[in-house]
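Here is a short briefing on charged side chains and how they pair. Keep the structure open as you read.

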Amino acid sequence: MAQVYLFYLRHHPELMPQWIFEEQIKSERKRDARSSGPDEKLPDVILRSSAGTRVIEFGGAYGKDKLISFHGYCKEYSLPYEIW
């Protein structure tokens, strides 16, 4: 994820204030007293900007089933995503 972060920092610095890491996402979910169901995904990064929300996932070692599952989750919640 460091390479992805550095890519965004170099090419899209305006998005960095909206860069939300996995640990921050976990904290938000706990703070909101929202329980995560077994099908809820925990993305590596969420970018929340005025253009909308985008999910970024490092999927270098993902197998076919995990990719299909992740795609299904993002589709269900209408989340554009990037897999690096």
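A residue counts as buried when its relative accessible area is under 20%, as exposed when it is over 50%, and as partly exposed in between. Keep those cut-offs in mind. The model shown here is predicted. It holds three salt bridges. Side chains of opposite charge can pair when their charged atoms come close.

- Glu23 and Lys26 join their side chains in a salt bridge, with 3.2 Å from N to O.
- Both residues sit in helix 2, which spans residues 22–31.
- They are three residues apart there, so about one helical turn separates them.
- An α-helix has 3.6 residues a turn, so residues three or four places apart point the same way.
- Glu23 is exposed, because its relative accessibility is 51%.
- Lys26 has 33% relative accessibility, so this residue is partly exposed.

- Glu28 pairs with Arg48 in a salt bridge, and their closest N and O atoms are 3.1 Å apart.
- This pair links distant parts of the chain, since Glu28 belongs to helix 2 and Arg48 to strand 2 (residues 45–49).
- The two residues are 20 residues apart.
- Arg48 is partly exposed, at 36% relative accessibility.
- Glu28, in contrast, is one of the buried residues of helix 2.

- Arg54 and Glu82 form a salt bridge, with 2.8 Å between the closest N and O atoms.
- Is Glu82 buried or exposed? Its relative accessible area is 19%, and the cut-off for buried is under 20%, so Glu82 is buried.

- Ile25, Glu28 and Arg29 are buried in helix 2.
- These three cover an arc of only 95° around the axis, so they lie on the same side of helix 2.
- Which residues are exposed on the other side of helix 2? They are Glu23, Lys30 and Arg31.
- What do the buried residues of helix 2 pack against? Their partners are strand 1 (19–21), strand 2 and helix 3 (64–76).

Methods
Residues numbered from 1 in each chain as written. Predicted model: local features only at pLDDT ≥ 70, side-chain atom pairs only at ≥ 80, totals over all residues. Heavy atoms only, no water. Salt bridge = Lys/Arg side-chain N within 4 Å of Asp/Glu carboxyl O. Helix = DSSP H or I, 4+ residues; strand = E, 2+ residues; numbered from the N terminus. Buried < 20%, exposed > 50% of the residue type's maximum accessible area, 1.4 Å probe, protein only. Arc of directions from axis to C-beta. Contact = heavy atoms within 4.5 Å.
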